[in-house]
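Here is a friendly walk through one stretch of a protein chain. Please keep the sequence and the 3D view at hand as you read.

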Amino acid sequence: MLKLYAMFLTLIFLVELVAAIVGFVFRHEIKNSFKNNYEKALKQYNSTGDYRSNAVDKIQNTLHCCGVTDYRDWTDTNYYSEKGFPKSCCKLEDCTPQRDADKVNNELIGIFLAYCLSRAITNNQYEIV
């Protein structure tokens with residue numbers, strides 16, 4: 001019984017290892033796919049509660065960001081021209097996001113800079129030795 005358990009753990013580890021390698025190899029394609037789909041979801045955003053709009057709201061609330069790169073991505077959408085920024089872009093609970101650029105989240109820049117720092121450290125680790 002213990003050998004069977006060890007075999008299943010090994011199998012799960014190998015599946016995770018293969019998934020990590022495939023994810024690393026195809027990371028640029030995955031990134032572009034996510035970006036294109038997220039941009040498309042922003043263009044089709046409305047507040048009626050379809051699954052794409054709910055996903056955009058959930059992402060913006062969870063990551064405390066607004067838009068794909070920043071809040072200016074919303075200016076090209078139909079929703080923005082009618083109602084302004086969506087509520088999920090707000091920094092504060094009680095803000096009304098109607099065209100209030102100073103009250104929207106733009107912390108995605110921090111996430112991007114953290115990624116750049118991580119990449120720079122990874123690229124320079126062999127030069128230290």
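Predicted model: local features only at pLDDT ≥ 70, side-chain atom pairs only at ≥ 80, totals over all residues.

Residues are numbered from 1 along each chain as its sequence is written, and side-chain values use heavy atoms, leaving out hydrogens and water.

**Helix H3**

Let's begin with H3, which covers residues 51–63. Helices here are DSSP runs of H or I with at least four residues, numbered from the N terminus. The 13 residues of H3 should span 18 Å at 1.5 Å a residue, and its end C-alpha atoms agree with this, being 18 Å apart. The expected span is 1.5 Å times one less than the number of residues.

Which residues of H3 are buried? They are Ser53, Val56, Asp57 and Gln60. These four lie on the same side of H3, because they cover an arc of only 95 degrees around the axis; the arc is taken from the directions from the helix axis to the C-beta atoms. Buried means under 20% relative accessible area, exposed over 50%, and partly exposed in between, with a 1.4 Å probe and protein chains only. The buried residues pack against helix H2 (27–43), whereas Tyr51, Lys58 and Thr62 are exposed on the other side of H3. After H3 comes His64, with a positive phi near 55 degrees.

**Ile59**

Ile59 also has its place in H3. Beyond its neighbours within four places in sequence, Ile59 is in contact (heavy atoms within 4.5 Å) with Tyr38, His64 and Cys65. Tyr38 is 21 residues from Ile59 along the chain, and their C-alpha atoms are separated by 9.8 Å.

**The cysteines**

A search of the whole structure finds one disulfide, meaning a pair of cysteine sulfur atoms within 2.5 Å. It joins Cys66 to Cys89, with 2.0 Å from S to S. The link of Cys66 and Cys89 is right-handed, with 80 degrees about the S-S bond. This pair links distant parts of the chain, 23 residues apart: Cys66 is in the loop between H3 and helix H4 (78–83), and Cys89 is in the loop between H4 and helix H5 (108–128). Cys65 is in no disulfide, and its nearest cysteine sulfur, that of Cys66, is 7.4 Å away.

The table gives accessibility for residues discussed above.

| Residue | Relative accessibility | Class |
|---|---|---|
| Ile59 | 33% | partly exposed |
| Cys65 | 2% | buried |
| Cys66 | 1% | buried |
| Cys89 | 0% | buried |

Technical notes
Helix = DSSP H or I, 4+ residues; strand = E, 2+ residues; numbered from the N terminus.
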